[in-house]
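Hi,

Here is the structure I promised to pass on. My notes on it follow below.

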Amino acid sequence: MWIGEGKDCRSLPRTWSTGKDYIPNRMPASRARTGVIFFTVLIDLIGFGIVMPILPFYAQRFGAGGFRYGVVLGVYSFMQFVATALLGKLSDRIGRRPVLLTTMLVNAVGYTLFAFAGSYWVLFLSRVVSGFAGGNISAAQAYMADITTPAERSRGMGIVGAAFGIGFSAGPAIGGLADHFLGHSAPGLIAVGLSLANFVSAYFILPESLRHEHRVTRSLLDLRHIGEAIARPRLRPLMAVWALVPLGFAGYTAALPLRVIAVLGWKQLQLTFLFIIIGVTAAAVQGYVFGKVVRRSGERVLVIVGTFGMAFSIAIVPLLASSGLLYAWTFVLAVANSLFSPAATGLVSVYADPNEQGTVLGAAQAISALGRTVGPPLIGTVYDVSPVTSFLLAGVFMGLAGLAAFRLAPVTPHLAPVQPPTAPPTPAVPLPDPPPSES
């Protein structure tokens, strides 16, 4: 039985109607409820970021090479791909509260497994569990939509987006510093504590937001929207970009830690600094620079510039012989990615009709998740054979994305939206995507 099931009717605010029945009204978006949803997404992203600086060291401790480390990375994205669609639609059937509460506890289980992983397969299982629990972002966004009026909705989704950026920036710093000063199990235990705190606050503060008359039954795993998006000539180049960039970048994130550990002798702390550079750069570029640049250039130009900038920054890694040079090129890579990500999201609103933007964005995000699933084991396998070739191959995927972007239909810059609608900041690592909305 789902935790909290059966309590949603009693928790809804009610007003008296003509007759004997109570009719629930739209729930006001109180600060407490909005704060809990913000905290839910924040915990997901902090938990994801906490493990990133130490995950490669765990994997190597258990004898994992490039392929097996890549599988650990890829399975998280695959489970989140499945869970985002599954949990969002499940919440349409049974309500948001039971889905959110249950996944918060599942998240705690995943991070407990991570904290005490004594073998590769326990580590693998921890990422399976955490990846599935991380799909609750779809239910969290649905809850935010339930409790906000149309006029408030953009602000509400912006709060969710802010949680993405803050969570990713803070997560690696917490994880790396906790591992360095408190021991190897500390990052996982911190994530467990945050997940349990999230559960307690949600249990007492979050009533059910979805009224019974609004609950619907949909096919839980319907992927037809992906094929329909790919089949349309105007959208096909954009879908290719959404597939190739995550594939190449996720593969790069599998090969990079192995390279710096072997060649530069990095430990957890050095890798933590790299992720902090990425997070801070993404926050600055997407929060300030992007809005000014896109007004002049338009999204299409930024997608092309961003893909080729990432391609070069990744392919050059084998030639970098010092930590300083790698940090410098990581900054370049983060800038390129931070220009690319919101521009690619914004192009969905340009090329898709107004009544199908949620569906097309959902298809793009699903394709992106599949790219992040395939990239790490593929590039990791190549790394086991030739480390230099693995970075070149990841760069080639980025270059192919840039060539696909040239086939995008031209867009007049002043017609392109200044900011992509409800698109959260996207740091330059394979993060959980916001869920597809229903159209």
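Predicted model: local features only at pLDDT ≥ 70, side-chain atom pairs only at ≥ 80, totals over all residues.

Which are the buried residues of H13? They are Glu299, Arg300, Leu302, Val303, Ile304, Gly306, Thr307, Met310, Ala311, Ser313 and Ile314, where buried means under 20% relative accessible area with a 1.4 Å probe, protein chains only. What covers them includes helices H11 (236–264), H12 (268–297), H14 (323–351) and H16 (387–406).

Numbering starts from 1 along each chain as its sequence is written, and side-chain values use heavy atoms, leaving out hydrogens and water.

On to the rings. Searching the whole structure gives 12 aromatic pairs (Phe, Tyr or six-membered Trp rings with centres within 6.5 Å; planes under 30 degrees apart are stacked, over 60 edge-to-face, the rest tilted). Phe249 and Tyr252 have ring centres 5.4 Å apart and planes at 65 degrees, so they are edge-to-face. Both lie in H11, three residues apart, about one turn of the helix. Phe249 is buried at 5% relative accessibility, and Tyr252 is buried at 4%.

Elsewhere, ring pairs link Tyr58, Phe62 and Phe114 into a cluster. The charged end of Arg61 sits over the Tyr58 ring, 4.7 Å from its centre (the cut-offs: NZ of Lys or CZ of Arg within 6 Å of the ring centre and within 35 degrees of the ring normal). Arg97 has its charged end over the ring of Tyr203, 5.1 Å from the centre.

Cheers

Technical notes. Buried < 20%, exposed > 50% of the residue type's maximum accessible area, 1.4 Å probe, protein only. Helix = DSSP H or I, 4+ residues; strand = E, 2+ residues; numbered from the N terminus. Contact = heavy atoms within 4.5 Å.
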